[in-house]
Amino acid sequence: MTIAEDAAGADAAKDAERVDLSPEVSDEIKYTTCYMCACRCGIKVHLRDGELRYIEGNKNHPVNRGVLCAKGSAGIMQHHSPARLSQPLLRVGERGSGEFKAIEWEEALELAISWLAPIRAEDPRKLAFFTGRDQSQALTGWWASQFGTPNHAAHGGFCSVNMAAAGLYSIGGSFWEFGEPDWEHCRYFMMFGVAEDHDSNPIKTGLAKLKENGAKYVAVNPVRTGYAAIADQWLAVTPGSDGLLVLALVHELLRAGKVDLDYLARYTNAPWLVIEDPGADDDGLFARDGDGNPLCWDSTRNAAVNALEADIAPSLKDRVTLPDGRAGVPVFHLLAERYLDGQYGPDAVADQTGLSAETIRTIAAELAHAAFEEEVVLDIPWTDWAGRRQEQMIGRPVAIHAMRGISAHANGFQTCRSLHLLQMLLGSIDVPGGFRYKPPFPKPAPPGLKPAGKPGDVVPGTPLGGPPLGFPQGPEDLLVEADGGPCRIDHAFSWEAPMSAHGMMHTVIANAHRGDPYPVDTLFMYMANMAWNSSMNTTETMAMLTDKDPDSGEYKIPHIIYADAFYSETVAYADLIFPDTTYLERWDCVSMLDRPISNADGPADAIRQPVLETLRDVRPFQDVLLDLGVRLGLPGLVDDTGAARYPGGYPDYLANHERAPGVGSLAGWRGADGEDHGTGAPNPNQLDRYIENECFWYDELAPEARYFKHGNRAYLDYAVKMGFIGHGDPIVLQLYTEALQRFRLAARGVGELQPPDKHRKRIERFFDPLPIWYPPSAVDGTAAEDYPLHAISQRPAAMYHSWGSQNAWLRQIHTANRLYISEAVAKEQGIEDDGWAYLESRHGRIKAQVRIMAGVNDHTVWTWNAIGKRSGAWNLAADAPEAQKGFLLNHLIEDLLPPDSQNGGGRLANADPITGQAAWFDLRVRISKAPADAAITEPEFKTLPLPPGVRPRPTILRYGARFGEDR
Amino acid sequence: MTSLPKSPSPKRLGLVIDLDTCVGCHACAVNCKEWNTAGYHAPLPDTDPYGKDVDGVWLNRVHGFETTGDTGGNNKDGRTVYFPRSCLHCEDAPCVTVCPTGASYKRTEDGIVLVEEDKCIGCKLCSWACPYGAREFDSDGGVMKKCTLCIDRIYNENLDADERQPACVNACPARARHFGDFNDPNSAVAKLTAARGGVELMPELGLKPTNRYLPPRPAATVGAMADGASLDDAPTTGGGFLGWIDRTLSR
């Protein structure tokens, strides 16, 4: 040893004394499921002396494999938020004043019963029960049915229904969180309109994987942030024009014959024959045989045959004579005819999409190259739906993912269908390298479930007889009165929005306020910030909640009950508050019956278990709902003696409730001995088994069942066994959606159930069974010359779905939001960076501070959503930046469109005409320079006072100090 | 003033940060905050946490900015960059040599730069000396704090072996952060740096930072397709509409 080495050794020894390299981390570890957003990752929670030391990702969990996002890592601050409510509250001041007194739970529950019981006895529709992003619809929807009201939905109509409905009616699955790219094998990936979103951690991990593999990633987004920032190519598409871009790609691929004919013939309805008989009652429907099977033309036998048979030779191209002598034309022929038209050519769409024709042509060429020249072959033998063994799995490695930027437009349903059309033409659905279903999907397209709530379904004192939400397949499935008017308070499943599969929560307050179609008595909401960022037209929504009938002096919406864990803006607008727990204090489930957390390689579900003791006088909302059900004597919640069927509350319900024989909230460890999965008798020890397995259940599919799920015998049999689908028939992907044509035929005067005259034109125009594109202004009528700019919002990665910005750590990342504008817009208006601007829509005006950026479409301005908070809410200081510099675009967005003369002066929701999806990305604005004198955003609202029981906000946080002292 | 180790450390621990895949999600920053507020530097206080002038101690911060023009990587007309920033654990760390008390020191064994709070008098000379802005002053505690590379995780026998990594590395959803010994040519960090042309920040200062940043990869291409490529019309072999469908298909 040299002297120097000796000295180094001595120094190292000295260093070692200066730091404890192996401190104790925790004295207890509990696993549970994160709830800081909709991603629902597995988390490993470290506790010391019963307090939170550290939350990390669970490396064994199928969703996140150990990683954790900013929100999940800030769970400690969410749990310790001073905005937590601590006891039930009863309004004592005027509604909206925020003046409450604390009451006991018994009083709170009995007060609710005093409102709810008479409604149920007289007219259950007078309860409107709407929940937010709670992800417990398997329970809340069932509870609403038991109560007997059809007026139930959750946040989906605001958020994702265009994706869900377009997907489920087309391919029996969906982007959203119900499918994912084959990150491992994909060679070309296009992502449309996704900032931070559902499936957020898997997307981040997947993008890294793609880049490692050298696959090309194209981001289609008006804004270059987050995921789009790392794309190989960024397409700054003009908002609302994505569908036109996609159909131009379809045009190019068809022109070049670059489509997967074998896939189309085998797995889609491309060969199905459509009746061509203008004026006939069945024009545009599928030609069928006597048993109702669709027909196609067998080019070998030269005859119309059952299109569902195996080993036939379907023709995709020839117009033929049907057995009844009429003309029939294959779906593929119809679509080729349509999209080969010059109106879909790249030159024709360039201006509207904001992209050059050359760029569109090159993207199409690249798609074709990746799909057909770089095909992926996996040497995994499998058996197709008809029992034919295949030696390999051969895939077209082109994947697409899409979400918010497609969904939140009035053309979102048809745009999303266009995306699925493109995928089907490329043969890239559930193949190696393509888009993959996550079980329990695929389901039949569409699923067979129909909404309950027709006039005869609603009977006082009686359950509804079915779920309130479903998938209408024609006029006979609508919920309409004899005069064609809506049955539901939100007008879902009416002629206004026939395929509104997630309901239309965004219309409830406006409709209840105007009594359209009838007044309600009680509005009951959970985790839905409808007096702030979860409403369009926020300013007037607040006014509707406080408006009184001038004659009676009573509120137009007589009773409002709200459940929330935090002092959100909406609390001030309720009469009775049920304070909820945080996600670390309660049992919960992520159910296959609602929104599971499966990945493409297998189904998964999960639970939450309480990891912390509840020290406030609050109760988990799910327990409260069960308690109310027992007090009301709802049939599913009480036994024959009237006693609680689930006396152990929500965990008892989770383990023991059966929706159908053998089907319950959780799929894992069913049966008395816990050996059954998917279906099976209730297992009293089921929750213990989940806890032993780190609070999740995941069943990895056999390799032979992992692709071609829609036509894979092993998968289809598995899915039947697990209870995901009713039968093992293959799922035929629908390029042409017949249900749309049924509505359209009704609008043309076919059948007994026809739309009121005022709706005929809209239905004729928008309900095209093949995807179409129309500008959002075709629905909302905004004049582009008056409002030349698009205005959209995005949720930042560190905040998305994180239930408010009261979180002390996350709010340091996004304390206030700016209005982002391009240099071109800034120059034209003379607005400087950091300057202030007015943004004006047809509906209102806001004032905000500007940031100039390069990475934005020239005709678009944007901001981060839901950073702005109302002064006083969330227990933030009255002058917090969220209130003074933060703002919402929502004030500018109409909830109802202006009265329409064609509509008899009526007002329709600002929504997709097919699904009722809130069209909050269709906002058109103009911008002008504003004085900076006040340097405060507008509109401003009165500061809300703090309710009783909310602890004072600390002036300094030293979280973790006591753990450090133990060192 | 404080001395650096007399000879280079046998291990050179540090991070590789991949600017090709960082989407600016702040997962690393918040998980760092969460671990370290109850770890070696407990607490990392937040002042006015629910008020107007909220501020806090963060040992890792993510900055976002835009570049214009061709700066390499994907888009020739500029790019949005997310740039995570924390201590780079320099070999010639000026923050150590300026320390009047010996509180700042560089570990002989692995090169990690630490602050021993008991010896720190809060004079802030180190933060003035650091050209990377990597130090964080805790005004509440009156002491300087900084990235420790999770010194209380990476050797911690109370953690599973695969968890002995800095919190930011374990949390990163985009797998854009890697930890290891740059002196070991077989380590992931050394290999990534070699393969992807990892760079040190501001090398002209001569401080020999340990951490490396991987620049954006060249944009991926499909086949050998040139800009402006487009598809040819389908050959109409069969004649008529959709004449290119000239073979019998089977279901």
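A: In helix α5(A), the buried residues are A:Q137, A:A138, A:L139, A:T140, A:G141, A:W142, A:W143, A:A144, A:S145, A:Q146 and A:F147. The model is a predicted one. Since 11 of the 11 residues of this helix, which spans residues 137-147 of chain A, are buried, α5(A) is largely enclosed by the rest of the structure. Buried here means that 20 or more other C-beta atoms lie within 10 Å of the residue's own. The partners against which the buried residues of α5(A) pack belong to chain A: the elements α4 (105-122), β6 (127-131), β7 (152-153) and α19 (621-632). After α5(A) comes A:G148, with a positive phi near 105°.

Turning to the contact between the chains, 107 residues of chain A and 81 residues of chain B take part. On the side of chain B that touches chain A, two or more residues come from each of α1 (27-36), β2 (46-47), β5 (79-85), α4 (151-154) and α5 (167-171) of chain B. Of these, α1(B) gives the most, with 7 residues. By residue class, that side of chain B holds 36 nonpolar, 24 polar and 21 charged residues.

The two chains also pair through strands. Strand β37 of chain A, residues 956-957, and β2(B) are joined in the antiparallel sense over 2 bridges. Within β2(B), B:T47 is the bridge partner of A:I956. The strand β2(B) is also among the elements that give two or more residues to the side of chain B that touches chain A.

How values were computed. Residues are numbered from 1 along each chain as its sequence is written. Chains are lettered from A and ligands numbered from 1 in the order in which they are written. This is a predicted model: local features need pLDDT of at least 70, side-chain atom pairs count only at pLDDT 80 or more; totals for chains, interfaces and linings use all residues. Two residues are in contact if their C-beta atoms, placed from the backbone, lie within 7 Å. Helices (H or I, at least four residues) and strands (E, at least two) are DSSP runs, numbered from the N terminus. Ala, Val, Leu, Ile, Met, Phe, Trp, Tyr, Cys and Pro count as nonpolar, Asp, Glu, Lys and Arg as charged, and the others, Gly among them, as polar. Two strands pair if DSSP finds at least two bridges between them. A residue is buried if 20 or more other C-beta atoms lie within 10 Å of its own, exposed if 12 or fewer, and partly exposed in between; C-beta atoms are placed from the backbone.
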